[in-house]
Amino acid sequence: MNNERVREISRFVMVGVLATALHYAIYYVLLPYMSHNVAFTVGYLVSFLCNYGLSSKFTFRVGTSLQRFVGFGLSHATNYFIQIILLNLFIGLGVLEFLAPLPVYAVAVPVNYLMVRSALTRRSRENDGYWLFLMVVGFAMLWLNLMDVPTLSDDMIYRFAWQTDETAPVETIDGVGDLLRSQWTHYLSVNGRLLPHLLAQAFLVFVPPVVLQVLNTLLFVLMIHLCATWTCKDIADRLFAAALTTLLLFVVFSGFRTTMVWGLGTFNYLWPTVAVLTLLLALSRTDVKKRRYALLLLAIIAGWTHEAMSLPVSIAFAVWITVHRKKLHNHRLTLACMLLFMVGMVLCMLSPGIWNRAGEGMSVTSRIVNGVLNGVTNVRVTWMLAIALLVMWRQKDIVSLRSHLSTHRYEYIALVVALAIALLCGTTLERVAFYAEFIAMLLLTRILLSAMSKRAKQWLICVCCVIMLLAYFPAYMVRAENADNWQKAEQQMLEHDRELIAVHMPQKGENKLMDFFREHYVNSSFTFGFYCSYMGFDAKDINMRCAARLYGKKRLTFLPDDVVERIASDSTAYTDYELDHNKDLYVWRMDDDRQVKSLTFILNEEDISQLMPHQRLLAYKGDEYELDDFNFEVVTVCGHPFLVFTKPTTNIYRRIGGLKIEY
């Protein structure tokens with residue numbers, strides 16, 4: 001190392017010490033008044049401005065310019081992203097807040113030297129905007145992820161060993177043996193996604209939550225990068241592809257909250273998507289043989305993730321093998337990877353319980369009705385793709401249309417299969433259309449890339465960023481609201497003798513915008529109603545029993561706080577069955593605490609001819625409707641028994657004339 005480099009490093013150390021001391025001092029002073037993330041960010045911005053001036057004039061002696069400032073800003077944006085991740089990681093691992101920046105600096109400062117030196121002594125690269133966009137997206141998603149809180153559903157169940165009989169006592173996972181036994185039971189009784197669910201249970205049981213929150217953020221950014229790389233041959237177009245992809249995922253996709261970055265959905269959707277895209281991109285590289293053993297392992301892992309993605313991709317692979325059968329001696333590694341991917345898919349599909357997840361036993365009519373509902377409500381990007389193809393055909397651009405369909409025929413094969421799964425699986429859950437929508441997103445991005453001018457792409461990038469920014473802040477407010485609600489409920493759960501938890505439910509209808517974002521961007525910790533996957537008022541429910549065990553209780557019951565407060569303040573409350581504020585639950589004060597065996601709604605007559613067409617399709621023809629037994633329960637509140645039951649679907653609710661109860 002020459003003397004000039006030694007002096008340069010010495011000057012960097014001096015400036016770095018000064019900027020770091022300034023950063024830490026501001027952080028330390030602000031920490032008592034705001035969150036550690038906000039205090040750290042304010043300190044970083046002040047030290048950044050100081051650092052730029054001193055680094056330019058003193059450390060590297062290159063002077064200041066707009067180009068260098070942009071490069072310096074990009075390098076520090078990267079460094080900030082690294083530091084904020086490390087800060088939350090160390091705090092999540094137990095380091096005190098006022099000490100957490102110290103190990104962060106030890107890791108980030110050497111990296112920062114290399115990036116700053118490159119930024120101030122070299123010309124800014126053409127795709128700096130692309131990397132800056134990814135960093136901003138990463139920080140935005142991390143900010144949301146750090147407020148992630150568990151739900152009283154799978155997040156609770158996965159902390160315990162999986163059991164075939166849900167009525168059996170819950171068992172804690174104390175080691176790897178319990179974990180493997182739990183997932184083998186899950187494989188036999190629920191579905192074949194053994195690998196992602198094994199990871200999910202391991203992370204929830206053995207790893208601090210902040211580690212998963214940070215890792216999911218990094219994987220989300222990686223997925224955006226993989227999508228942009230897959231759709232763009234020209235590096236200059238990657239910013240457009242990344243902006244469009246992020247917009248479609250964050251704003252357009254139905255069920256974003258249950259698939260991409262929230263809770264256990266990441267293991268079923270985000271993680272498998274990253275694995276499959278990594279495999280496909282690796283197979284397209286010319287130096288693929290250098291990593292053949294890693295690729296072979298990745299192929300079987302990627303195939304054994306989620307049947308709704310591995311099956312469509314496997315069928316596309318099978319068609320590719322059939323078409324290229326005469327040239328397969330030149331594609332041995334590719335062929336081996338495809339076959340191993342299919343093996344992984346078969347292992348996933350062989351699960352004895354997997355077909356129950358697809359609505360086994362449903363009538364053909366029910367499947368068709370649910371498929372229509374899926375096509376109308378959950379399939380959005382695919383419709384956008386269909387419109388784009390129709391426009392190409394209407395403009396008589398048949399050559400481009402044929403070229404596009406021919407070039408991407410295997411992607412369209414996968415799309416058709418994934419769409420068929422979504423429309424025929426028998427469930428209307430919004431996440432079932434995710435993989436079909438994801439493939440459609442890649443194809444739509446390719447069409448727009450080839451059809452739009454450079455100026456039009458620049459305008460669309462701006463539009464995408466504005467829309468995402470407008471959507472981000474309400475989403476952030478709802479996430480913060482949800483985190484605050486969980487904290488209040490957890491404080492009650494930590495009280496020694498408390499078994500009834502009054503949970504705050506934001507009132508629907510007060511703010512339509514917030515209602516929309518609560519529905520689309522947050523998995524609420526507490527939900528009640530007909531479509532709820534768990535019933536907080538039923539202490540015997542497996543989710544409630546797991547929550548009780550986790551917080552050291554014999555039993556736990558959850559009810560909306562407006563119900564609990566009204567009962568506590570009014571001895572005559574709910575003498576007849578009435579709905580809570582959000583119209584999700586009926587509550588009815590009982591004379592005694594006898595067990596209710598069945599609850600049936602007596603329905604008024606209805607003239608179907610007077611209904612709207614969509615109401616006729618879903619109209620209920622019977623005169624009575626019996627609730628499933630998990631939709632009602634007798635709960636003791638303030639020493640009195642109350643029958644709590646869910647409000648049925650609209651086609652039943654509008655006809656309710658009375659109740660019939662069997663004890």
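Is lysine 508 buried, partly exposed or exposed? At 46% relative accessibility, lysine 508 counts as partly exposed, where buried means under 20% relative accessible area, exposed over 50% and partly exposed in between, using a 1.4 Å probe and protein chains only. Before going further, keep in mind that this is a predicted model, so local features need pLDDT of at least 70 and side-chain atom pairs count only at pLDDT 80 or more, while totals for chains, interfaces and linings use all residues. Residues are numbered from 1 along each chain as its sequence is written, and side-chain values use heavy atoms, with hydrogens and water left out.

Back to lysine 508. Its partner in a salt bridge is aspartate 584, with the closest N and O atoms 3.2 Å apart; a salt bridge here is a side-chain nitrogen of Lys or Arg within 4 Å of a carboxyl oxygen of Asp or Glu. Aspartate 584 sits in the loop between strand E3 (578–579) and strand E4 (585–589), and lysine 508 in the loop between strand E1 (500–503) and H22, so the pair ties together parts that are 76 residues apart in sequence. Helices (H or I, at least four residues) and strands (E, at least two) are DSSP runs, numbered from the N terminus.

Across the whole structure, a search turns up 17 salt bridges. One of them joins the side chains of aspartate 237 and lysine 457, at 3.4 Å from N to O. That pair links distant parts of the chain, 220 residues apart: aspartate 237 is in the loop between helix H9 (209–231) and H10, and lysine 457 is in helix H21 (residues 454–493). Lysine 457 is buried, with a relative accessible area of 10%.

H21 also holds a local pair. Lysine 488 and aspartate 484 form a salt bridge, their closest N and O atoms 3.2 Å apart. They are separated by about one helical turn because they are four residues apart in helix H21. Lysine 488 is partly exposed at 43%, and aspartate 484 is partly exposed at 33%. Elsewhere, Glu171, Asp178 and Arg181 are linked in a network of salt bridges.

Asp178 and Arg181 bring us to helix H7 (residues 176–189).

A pocket is an open set of points on a 1 Å grid over the protein atoms alone, with protein on both sides within 12 Å along at least five of seven lines, and lining residues have an atom within 4 Å of a point. Of its 32 lining residues, Trp230, Leu280, Ser284, Glu411 and Arg446 lie nearest the centre. H14 gives the most, with seven residues.

Note on methods:
The expected span of a helix is 1.5 Å times one less than its number of residues. On a 1 Å grid over the protein atoms alone, a cavity is a set of points where a 1.4 Å probe fits but cannot get out, and a pocket is an open set with protein on both sides within 12 Å along at least five of seven lines; lining residues have an atom within 4 Å of a point.
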